[in-house]
Amino acid sequence: LVIGTYDRGSTICGLPAMNACRRITKENGLQEESVLSLLEDREGNLWIGLNYGISQLVTEKFASFTEQEGLVNNTVYAVFPDGEDSIWFGTFRGVSRLRFDGQTGAPQWTHLRKGENLPSDEVWDILRDRGDRLWIGTSSGLCLYSEVSGCHVFTTRDGLVDNYILDMYEDAAGNLWLGTGGGVSMVTAASLGLRPHFKNYTPAEGLPAKNVYAVTEDRQGRLW
């Protein structure tokens with residue numbers, strides 16, 4: 001279990017006993033101690049999105065990336081390892097995509113910004129669904145991204161409960177759940193694509209508050 005904190009780095013504990021916990025801080029290589037996102041890639045490397053750059057933990061050693069190394073912005077809200085040998089980062093100033101050169105291992109960056117492909121530079125989450133569609137959640141709507149056509153943007157005009165997308169989750173049935181600043185929107189698996197059908201949940205339907213920062217599913221199929 002890996003736990004990220006606001007100002008004291010990360011803690012890694014063994015499960016299920018929560019034993020042998022160890023802290024990861026600047027003292028042992030972390031770039032910065034305000035952790036905003038965590039993700040493990042296919043090789044078992046831990047990517048840590050920070051309030052100042054990114055740190056990659058590989059066999060107890062860190063590699064760090066900031067704007068100086070090519071990252072579009074140092075405030076990293078989302079880390080998404082793609083199945084195409086690249087890592088996507090959602091930041092306060094757009095999206096960065098990182099690939100490593102197959103021969104030299106050198107980092108190669110591409111970026112998405114507002115006015116080029118994104119409805120907003122503020123990107124809170126990135127997800128590729130099982131239909132191989134890439135979704136980008138921004139503060140100004142939901143982007144369905146294609147390298148050929150760019151962003152197809154969905155907003156409240158299309159039925160989204162709120163334009164401020166804070167979290168995305170694909171459940172076991174393939175439905176896409178969106179935590180937003182105004183409640184939760186769900187897109188059924190059958191309608192994922194250019195014409196999604198949104199079903200919305202707000203405090204009027206029983207939510208305790210409008211702002212939903214995380215969505216997940218337990219082993220019994222219950223959504224939290």
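In the predicted model, the largest nonpolar core comprises 13 residues, of which Trp135, Leu142, Met168, Leu176, Leu178 and Phe198 touch the most other members. Strands β14 (141-146), β16 (165-170) and β17 (176-180) each contribute at least two residues to this core.

When residues up to four places away in sequence are not counted, Met168 touches Asp125, Ile126 and Leu127, together with Trp135, Ile136, Gly137 and Leu142. The contacts of Met168 also include Leu176, Trp177 and Leu178.

Strand β16 also holds Glu170. With a relative accessibility of 17%, Glu170 falls under the 20% limit and therefore counts as buried. Outside the four places on either side in sequence, Glu170 touches Leu127, Arg128, Asp129, Arg130 and Asn175. With one of these residues, Arg130, the side chain of Glu170 forms a polar contact of 3.0 Å. Glu170 and Glu217 are 47 residues apart along the chain, and their C-alpha atoms are separated by 8.9 Å.

Aromatic pairing was then considered across the whole structure, where a search finds 11 pairs. In the pair formed by Phe65 and Trp109, the ring centres are 6.0 Å apart and the planes meet at 70°; this angle is over 60 degrees, so the arrangement is edge-to-face. Phe65 belongs to strand β7 (residues 61-65) and Trp109 to strand β11 (residues 107-112), and the pair thus links distant parts of the chain, 44 residues apart. Both Phe65 and Trp109 are buried.

A stacked pair is formed by Trp177 and Tyr201, with a centre-to-centre distance of 5.9 Å and 25° between the planes. Because Trp177 lies in strand β17 and Tyr201 in strand β19 (residues 198-201), this pair ties together parts that are 24 residues apart in sequence. The two partners fall into separate accessibility classes: Trp177 is buried, with a relative accessible area of 14%, whereas Tyr201, at 23% relative accessibility, counts as partly exposed. Trp177 is also one of the residues touched by Met168.

Methods. Residues are numbered from 1 along each chain as its sequence is written. This is a predicted model: local features need pLDDT of at least 70, side-chain atom pairs count only at pLDDT 80 or more; totals for chains, interfaces and linings use all residues. Side-chain values use heavy atoms; hydrogens and water are left out. A nonpolar core is a set of buried Ala, Val, Leu, Ile, Met, Phe, Trp, Tyr and Cys residues joined through side-chain atoms within 4.5 Å. Buried means under 20% relative accessible area, exposed over 50%, partly exposed in between (1.4 Å probe, protein chains only). Helices (H or I, at least four residues) and strands (E, at least two) are DSSP runs, numbered from the N terminus. Contact means heavy atoms within 4.5 Å. A polar contact is a pair of N or O atoms within 3.5 Å; within protein, one must be able to donate a hydrogen and the other to accept it, and residues adjacent in sequence count only if both atoms are side-chain atoms. Rings of Phe, Tyr and Trp (its six-membered ring) pair if their centres lie within 6.5 Å; planes under 30 degrees apart count as stacked, over 60 as edge-to-face and the rest as tilted.
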